[in-house]
Amino acid sequence: MTWANQEFRNWHGIQSPEPPAAAFDYAEIREMAERMLDTRRNRFPQLVAKGRMSAADADAQIAVFEALAAEWRWMATGEGAPAEAEHIPAMREALDQSIATIAEIAREDRGFSAELAAQAEWVIAMAWHLEPGRRTRACRARTFVLRQLMAAEAAQVEAPLAA
């Protein structure tokens with residue numbers, strides 16, 4: 001497919017290919033999710049101390065981003081477990097807010113820096129994967145099971161050769 005006939009989608013004012021360009025950059029998306037969590041863990045106590053955010057709101061948002069980071073750790077590596085299904089609506093809402101914030105920063109800066117554009121693509125990719133009807137989580141779970149089965153089969157083949 002060429003760019004001339006590529007479909008694009010508007011995410012809070014940010015144009016992104018459909019599917020997002022970074023949709024399958026799982027390692028980079030995982031790193032972005034972890035940076036988003038770290039940012040909140042580092043900045044929110046200061047906002048609470050200044051009275052610009054309640055402790056309850058800070059704790060709630062940090063919990064959402066902990067679930068998001070756990071989700072992408074699992075998605076990228078198979079380590080841990082995916083986020084609980086009941087966390088998905090809050091994760092989607094938090095990502096929508098993050099995308100809107102990125103769009104606002106770009107408007108204020110009169111464009112995207114390379115770093116902000118990359119962040120936008122990774123956050124959009126996270127949101128895209130969590131949309132209703134996407135089967136990314138189920139497919140990743142099956143992929144991890146298949147990898148385990150293949151590893152077990154390889155070990156069985158190699159065991160007689162080592163004896």
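Student: Where does Phe8 lie?

Tutor: Phe8 lies in strand β1 (a DSSP run of E, at least two residues; helices are H or I, at least four; both are numbered from the N terminus). This is a predicted model: local features need pLDDT of at least 70, side-chain atom pairs need pLDDT 80 or more, and totals for chains, interfaces and linings use all residues. Residues are numbered from 1 along each chain as its sequence is written, and side-chain values use heavy atoms, without hydrogens and water.

Stay with Phe8. Its relative accessible area is 41%, so Phe8 is partly exposed (buried is under 20%, exposed over 50%, partly exposed in between, with a 1.4 Å probe and protein chains only). Now look from Phe8 to Pro20. They are 12 residues apart in sequence. In space, their C-alpha atoms are 8.5 Å apart.

Follow the chain on from β1, which spans residues 8-11. The loop between β1 and β2 holds His12. Its relative accessible area of 40% makes His12 partly exposed. Check the backbone here too. Phi of His12 is near 55°, a positive value, and His12 is not a glycine.

Most residues other than glycine have a negative phi, and most peptide bonds are trans. Hold on to both points.

Strand β2 covers residues 14-17. In the loop between β2 and α1 sits Pro19. The peptide bond from Glu18 to Pro19 is cis, with omega near 0°.

Next comes helix α1, residues 26-49. It packs with helix α4, residues 114-129. Their axes lie 9 Å apart, at an angle of about 100° (axes are lines fitted to C-alpha atoms, here over the stretch in contact, and angles run from 0 to 180 degrees between N-to-C directions). The two helices are therefore roughly perpendicular (65 to 115 degrees).

Who meets whom? On the α1 side are Tyr26, Glu28, Ile29, Met32, Ala33, Arg35 and Met36. On the α4 side are Gln119, Trp122, Val123, Ala125, Met126 and His129.

Pick Trp122 from that list. It belongs to helix α4. Its relative accessible area is 18%, so Trp122 is buried. Set aside its neighbours within four places in sequence. Trp122 is then in contact (heavy atoms within 4.5 Å) with Ala22, Asp25, Glu28, Ile29, Met32 and Arg35. Now compare positions along the chain. Trp122 and Gly111 are 11 residues apart, and their C-alpha atoms are separated by 17 Å.

Take a look at the loop between α3 and α4 as well. Arg110 is found there. With 80% relative accessibility, Arg110 counts as exposed. Its phi is near 60°, a positive value in a residue other than glycine.

Finish in helix α5, residues 136-162. Thr136 has its place in this helix. Thr136 is buried, because its relative accessible area is 11%. Leave out its neighbours within four places in sequence again. Thr136 is in contact with Tyr26, Met75 and His129.

How values were computed: Parallel < 35°, antiparallel > 145°, perpendicular 65-115°, else oblique.
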